[in-house]
Amino acid sequence: MGLEFAITAAKAVVVVLMVLSLAGLLGWVERKGSALIQDRIGANRASVFGFAGLGLVNTMVADPIKFLTKEDVVPASVDRRLHLLAPCINLFPALITFAVIPFGDMLRIGGREIPLQVAQLDIGVLYVLVMASVGVYGVVLGGWASNNPWSLLGGLRGSAQMISYEIAMGLALISAILFYGTVDLQAMVRAQAGGPLAWGFVYQPVSLLLLLTAGIAESKRVPFDLPESESELVSGYFTEYSGVKHLMFFMTDFVEVIIVSGLIATIFLGGWQVPYLEAQGFARPGGGIVPLPHLVVSLLQVAAFTVKVVILCWLQIVIRWTLPRFRYDQLMRLGWKGLVPLGLANVMVTALAVVGIE
Amino acid sequence: MALAVFGVLATLLLVGALTVVLHPDSVYSALALIGVMALLAVVFVTLEAHLIAALQIIVYAGAIMVLFLFVIMLIGRPGSGGPFASSRILWAASGLGAGGLAIGVGTMVAKSALAPPEAGRPEFGTTTAVARELFTTYLLPFELTSVLLLIAVVGAVVLAKGRPRA
Amino acid sequence: MVPTGYYVILAAALFAVGALGVLIRRNLIVIFMAIELMLNAVNLAFVAFARQLGSSDGHVFVLFVMTVAAAEAAVGLAIIIAVVRNRESIFADQNALLRW
């Protein structure tokens, strides 16, 4: 009983640390990637103890240090408890969404089988929707607690956008659940064995696009970032936050990018499946298996999952720096009049196909 | 162990419920109600109702309470007079009534001895079990609730839009 | 295993607190929130009895209660917005024109 708890706690710690590291890395990739896309140099002025040689890595180290050591300015007329609570409510559900995303198959160590998924829940994918619903409060409270009309406007717009696109996300997930016949994410990944043509995107392309769009809108990234638009509402709902609280809001942005990437990789791109890699080793095309030790297989699967997540994160960063921002009414119109009917039609077609094939 | 968890949850739930009812600031009341709903989801998980716990947070804590917060933030400005009704008789009567209700139910439960819970099928509480009941035995109420939701959407839009400025 | 009776008593206590809230608060929105609290207490009782009897009928009913509560919250809050817009007061005792 105690050992089970310790193993799950270790898995949770590893997952959270990986996510936070990737989020930090994404902050730096965003700055340098945007510089590449916009044909400029980007941030290269940071130096550690006078040693400026590593250039970009200095920026990656200097940014978090800057955030953590900045003074925490709290306006005098705000409600202090809500001001402190809002960034925490924003970041916490985003981080714990990773409890259901499987990053590998079973790991066999010392006679124990450890599933490489932090929590095996009965509700599976619905847990992601739960955390998406709770994440809305961070935005609402952030806007309200700032005691600032522009922040309140940004906060209300942001939360209205989030709950609208939750519906589109839910519909995309329903089609995926219908197709795989299960809500369990690990079972979904196992059903995609056998090469890239067995992955989800071949059978559910519309759901993939729907989930990608709804996911980008949920995390309020460009082109859907009017609630926090840098050129219009200063920083929208997190204008009045500085230092660590700003870091928490900022980090939530990147953590949600990783969530969307992880979800798409799991449901539509085969998760931890490596083409032609089975539990015993590589399957040679002509038959027969090249045997590999179990730990190497597990490592390859985790690496494959990480590569897929990183590629999808890069895709979202490229989308951010390529597309102009939607106006708010265009955004809501796209959500309600575009994505929701498309999602419903997708569910109907999937349902007919599933019943027809049986 | 399960009893200790239940004790902690019950205490937190009652504290949250009293905050909802007694706190003068309506934003804090709403936050306390969100806390109560989240704690109820935890209680549902201890009762093995996993799907209902997830739906409690998605529907109640994640959508309905957001609607409440929107309305409070847009129009919930405090006005004249305190947050509570001023009549002492009303306080006494409601206190007696509510207390009487709780005590009455308590004594009724204490007097009746319930058998230990029957073990349901192994998939009790999962999506499959609820869906099976919902789409076979309770299909008609399900369709009627969809009509009800449509009526509610139309009604809410008509009422909240107000008269178009001429 | 916690006896079902404990859950029912907890549900009754929550229901009583909700009823108290409806009676003693003046703010219309807080009255509405106390009503939601009562609905949640009823949901708790249903789920407790569903476990007691081992049947999912209780869960289905909870689903219906949630749906009806959502519809009621939407329409009720729209009514409150309309009332406040017209009467400029959010308190129940100042919106009592229909009383004797």
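1. The C-alpha centres of domain 1 of chain B and domain 2 of chain B are 23 Å apart. The model is a predicted one. In the domain assignment of chain B, domain 1 covers 1-76 and domain 2 covers 126-166.

2. Chain B contains six helices and zero strands. Read from the N terminus, the order of its elements is α-α-α-α-α-α. Chain B is more spread out than a compact globule, because its radius of gyration is 21 Å, well over the 15 Å that the globule rule gives for 166 residues.

3. The C-alpha trace of chain B spans about 60 × 45 × 25 Å along its principal axes. As for burial, 30% of the 166 residues of chain B count as buried.

4. Among the contacts in chain B with a separation of 6 or more, 49% are accounted for by residues 24 or more positions apart.

5. The contact between the two chains takes 73 residues from chain B and 66 residues from chain C. On the side of chain C that touches chain B, at least two residues are supplied by each of α1 (4-24), α2 (28-53) and α3 (57-87) of chain C. The largest share of that side, 23 residues, belongs to α3(C).

6. What is the make-up, by class, of the side of chain C that touches chain B? This side has 48 nonpolar residues, 12 polar residues and six charged residues.

Notes: Residues are numbered from 1 along each chain as its sequence is written. Chains are lettered from A and ligands numbered from 1 in the order in which they are written. This is a predicted model: local features need pLDDT of at least 70, side-chain atom pairs count only at pLDDT 80 or more; totals for chains, interfaces and linings use all residues. Helices (H or I, at least four residues) and strands (E, at least two) are DSSP runs, numbered from the N terminus. The radius of gyration is taken over C-alpha atoms; the globule rule is 2.2 Å times the number of residues to the power 0.38. A residue is buried if 20 or more other C-beta atoms lie within 10 Å of its own, exposed if 12 or fewer, and partly exposed in between; C-beta atoms are placed from the backbone. Two residues are in contact if their C-beta atoms, placed from the backbone, lie within 7 Å. Domain bounds come from an automatic or database domain assignment. Ala, Val, Leu, Ile, Met, Phe, Trp, Tyr, Cys and Pro count as nonpolar, Asp, Glu, Lys and Arg as charged, and the others, Gly among them, as polar.
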